[in-house]
2 protein chains.
Amino acid sequence: MTAIGVFDSGIGGLTVLRALKQVLPEEPFIYLGDTARLPYGSKSPRTIRNYLHQNVAFLEGLGVKAVVVACNTASSVLDGEKVSGIPLYGVIEPGARAATAACPGGVVGVLATRATVASDAYRQALMRLNPEVQVVSQACPLLVPLVEEGWADDPVTEMVLQRYLAEPLHANVAALILGCTHYPVLKHVVQRLVGPHIQVIDSAQTTAQVVRDDLAAGRIPKSTNSGGIKVFTTDMSPAFRDLGARILAPYPIESWSLADL
Amino acid sequence: MTAIGVFDSGIGGLTVLRALKQVLPEEPFIYLGDTARLPYGSKSPRTIRNYLHQNVAFLEGLGVKAVVVACNTASSVLDGEKVSGIPLYGVIEPGARAATAACPGGVVGVLATRATVASDAYRQALMRLNPEVQVVSQACPLLVPLVEEGWADDPVTEMVLQRYLAEPLHANVAALILGCTHYPVLKHVVQRLVGPHIQVIDSAQTTAQVVRDDLAAGRIPKSTNSGGIKVFTTDMSPAFRDLGARILAPYPIESWSLADL
């Protein structure tokens, strides 16, 4: 009964784990939140690559059969990187595919961390799917701390979002990718601010579908018993445990342990 | 010609280095910004202690004669900790002393990171100086990212500060300690929001005076030639270099190198 591994720099990746659990209720999951070294979003590719290797090695040590890199910043350095013998899934490709499907001819907006924007990973993934696509990227360094402060529904967050959305709206985007796994928590606010005609894409769901398809096709062995969720973090902070449980609800956390990385 | 070492989780501690350079222009300084692992403010005491030891060891390896822990979160775990044979200076004690001097009988407010507030270090330092003191602490997790976004003078920052200042103002504080080395960048906004009757204390200056007194008293050997500033960071990010140079101005940075911690 080997689990599927999922990791993120913090607890934001639990939005992806929740989407995975929704489509794969039988599967056991092991989550690693690298909370001692978060955020990844302001760090260099060299450091992020280093963390990627360590995190995958930690999960492989626990015998996982696949790893979902539920972190856009870490997904942005996956390309061409030799990391592991087991299947690795990033969140950028599925998000790009959903955006291309939603607006075949239009402009695509991307909200992400500074590092993800600087990596140009979304633009490259979108261009591979449609060489004509226009991409408007906006770095949003304040959104993660706002989510972690628990201010998702707050006038301050709305004011910050209005600032970050000004350029994508001015460019008439037809689809808007939430390019950080913390951002799905803000999806309803973003959707309200941009209006119903812009499709707001959170890559958690699309990534979960890719993994489900690979299980169905036999590219990853299936589990048959009902599996639980084990969480490891590289640091213990009560605030993160509360927020983590809120994000994962209604799925319970079987255990929460410290990972020494 | 051994230098004085200064470290912080990021570039905020450069406000302390700047204050040190102002009163000790002859001294050479080596600064370590642990940007790969910032922020410390949301991490556990165990992890922060671990980082403290590694950072001091790195600076000792470069031959420094003293270390200024220019980080409130790391200073909050200094007490009773066996770290090094050379003198170590935290920023909490000097800030507490300045606040006690400013308002001998009044209520003291402390703005700080979550970890510093949870450590109770300011309350304990203030109580040692005046057992009757009343302390109102406010965790302000959004202020560091706002400073790093370059939004010091911005309506969003003002709105966030008004939220964080509500409780200290309601408690009628007579002095307000800026308990994080990033916050001096916001000092003028805070002073404007709280009005002229509340003394806003930034511990950079008071810490610099303690170090200068120890040099004058011969507890640390003096340097006689004019010394420069060398900066090491554990990660390279262009945004931090720009902000770092702005904080340190008019003092130039002699070199900026990567520290592999």
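**Close-up views of a predicted two-chain model**

**Figure 1. The contact between chain B and chain A.** The contact draws 33 residues from chain B and 33 residues from chain A, where contact means heavy atoms within 4.5 Å. This is a predicted model, in which local features need pLDDT of at least 70 and side-chain atom pairs count only at pLDDT 80 or more, while totals for chains, interfaces and linings use all residues. Residues are numbered from 1 along each chain as its sequence is written, chains are lettered from A and ligands numbered from 1 in the order in which they are written, and side-chain values use heavy atoms, with hydrogens and water left out. The size of an interface is often given as the accessible area lost when the parts come together. About 2600 Å² is buried between chain B and chain A, and carbon and sulfur atoms give 55% of this area; buried area is the accessible area (1.4 Å probe) that two parts lose on being put together, summed over both. On the side of chain B, the residues that lose the most area to chain A are B:L142, B:E149 and B:R163, together 19% of what that side buries.

Figure 2. A:D154 forms a salt bridge with B:R163, and their closest N and O atoms are 2.8 Å apart. Also found across the interface of chain B and chain A are 18 residue pairs in polar contact, both residues at pLDDT 80 or more. A polar contact is a pair of N or O atoms within 3.5 Å; within protein, one must be able to donate a hydrogen and the other to accept it, and residues adjacent in sequence count only if both atoms are side-chain atoms. The elements giving two or more residues to the side of chain B that touches chain A are α2 (45-61), α7 (143-148) and α8 (155-170) of chain B. Helices (H or I, at least four residues) and strands (E, at least two) are DSSP runs, numbered from the N terminus. The largest share of that side, 6 residues, comes from α8(B).

**Figure 3. The two domains of chain A.** Domain 1 (4-90 + 205-258) and domain 2 (92-203) are given by the domain assignment of chain A, whose bounds come from an automatic or database domain assignment. The centres of domain 1 of chain A and domain 2 of chain A, taken over C-alpha atoms, are separated by 21 Å. In this pairing, 26 residues of domain 1 of chain A are in contact with 24 residues of domain 2 of chain A. The area buried between domain 1 of chain A and domain 2 of chain A is about 1700 Å², with 54% given by carbon and sulfur atoms. In domain 1 of chain A, the residues A:N72, A:S76 and A:T206 lose the most area to domain 2 of chain A, together 30% of what that side buries.

**Figure 4. The surroundings of A:R128.** A:R128 lies in helix α6 (residues 121-129) of chain A. Leaving aside neighbours within four places in sequence, A:R128 is in contact with A:D79 and A:E93.

Note on methods:
A salt bridge is a side-chain nitrogen of Lys or Arg within 4 Å of a carboxyl oxygen of Asp or Glu.
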